[in-house]
Amino acid sequence: MTPSALADLAPLPDALGEAARRWLQASPVHELAIGGERVAAADGRTFETLDPASATVIARVALAGAEDVERAVQSAREALESGPWSSMPAAARSAALWALADALQDNAREIADLEALDNGKPAKLALAVDVELAVAHLRYFAGWPSKIECAVLPVSQPDMLCYTRREPVGVCAQIVPWNFPLLIAIWKLAPALAAGCTVVLKPAEQTPLVALRLAELALAAGLPPGVLNVLSGDGSTGAALVDHPGVDKVTFTGSTAVGREVGMKAGRALQRVTLELGGKSAAIILPDADIDAAVKGAYQAIYYNSGQACNAGSRLFVPAARYDEVLGALAERAARSRLGPGLEPDTQLGPLVSAAQLQRVLGYIEDGRSAGAEVVTGGAPALADSGGYYVQPTLFSAASDELRIVREEIFGPVLVASPYDTLDEAVRRANASDYGLAAGIWTRDVGTAHRVAAQLRAGTVYVNRWGMSDPAAPFGGVKASGVGREHGREGLDGYLETKTVWTALS
């Protein structure tokens, strides 16, 4: 990076690892990845990405426009139809995915540091969870290319051979959010590559760095040029990508409001679409539950990643007889939480991702307070002298389910607890939501757990633990929480089309 460009940027934190530091300082502008090359935006536009722990500028990034979208989609189309990827044997696709997993593993500290700096989450969690799960997903889907099977069908016509082919759906636009920049990118990328698709990946404008570094690692790992293209940019970039007629499938993770727009556009264009959207997930503590374990689990469910998770357990139903006990223990645990920059080793909760997100969360807290909900702990900004976007982990007690803090997704460290009298009441109230991404139960009775799991309207139900994930386990929501599933066989099927072939034998 030139001295003048360096002078415009804030000094990088001392805790940042050397590899991440070198990568950040290697270029005055981190450019788009199209067709295996680093290229500036066609119109030369850039934007700044900030460290949410201090609100200082850490890098400048190319802002892709419509012309860049055209170049990226065309690059992906060429790789799909005429490049080496189009004729690559299944075993070679497996090897490419495995090589990318190895590259992530070999550069794990660098990737975790970039994620902590750009997103704010604790680097130790980015390393132990985000990077490790990303590697696991790549290795899981590396096993699939050789197991995508066709079938010969026993049709009634004796003079005909009828069989099916499973073919890649085509060029995929993948739009990922800022809360898990690497992990959700890999959730989408791994099955797409296993199926033989090509990809244009659009990271969130708040967290573009890891995706741009991922493009470099993918090329070095042996993915042919054009198979993975990365366009950094804002909402207009994503809109242009969804609108492009050369895109065969759109997959989007983000807010329900934006997801509805993406779904409507994809519907008009008859594009394939997968949407993983918002949540307002409820956890129910049963009277027989291990209260210590339930409190620990409920804390993790909402405050992990500073509440910035689509499946966060942001509603909690507690038996009235144990309500004060549970709230007291949760409040004590929340008050002990250590807030700080993600790169500091003792940090438990990092900042929110942006000033806009901080104001959104504080606005909901004020709305809940004004509507009569009791703030048991938290409810205010934190670490104001840092300049970062911190908010205290907050616990509300609310009797009414009609409050905005109960019904709307906040996407921050805000838990709303309510007492209940009967289990049927708790299940009914848990289901009385526009969302249906996740739900949870704490109980010692396995039979009751399975019965309640069947009654809860959610894509995932956790029993006595929250937030479990595995590459083989489908993930997605019902109602306003999305369309389709990611992970596992169902996730792979979303990137495949079935072709039926009839052949006359005489």
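What you're looking at is a predicted model, where local features need pLDDT of at least 70, side-chain atom pairs count only at pLDDT 80 or more, and totals for chains, interfaces and linings use all residues. Residues are numbered from 1 along each chain as its sequence is written, and side-chain values use heavy atoms, with hydrogens and water left out.

**The helix pair**
- Helix 4 (residues 90–106) and helix 6 (residues 123–142) pack at about 165 degrees, with axes 8 Å apart (axes are lines fitted to C-alpha atoms over the stretch in contact, and angles run from 0 to 180 degrees between N-to-C directions; helices are DSSP runs of H or I, at least four residues, numbered from the N terminus).
- Their contact (heavy atoms within 4.5 Å) includes Trp98 and Leu100 of helix 4 and Val135 and Phe141 of helix 6.

**The largest pocket**
- It holds about 840 Å³ of space (on a 1 Å grid over the protein atoms alone, a pocket is an open set of points where a 1.4 Å probe fits, with protein on both sides within 12 Å along at least five of seven lines; lining residues have an atom within 4 Å of a point; a volume is the space filled by probe spheres set on the points, which are joined across faces, edges and corners).
- Of its 40 lining residues, Trp178, Phe252, Gly254, Ser255 and Val258 are the closest to its centre.
- Helix 10 gives the most to this lining, with six residues.

**The second largest pocket**
- This one has about 500 Å³ of space.
- Helix 7 gives the most to its lining, with three residues.

How values were computed:
Helix = DSSP H or I, 4+ residues; strand = E, 2+ residues; numbered from the N terminus.
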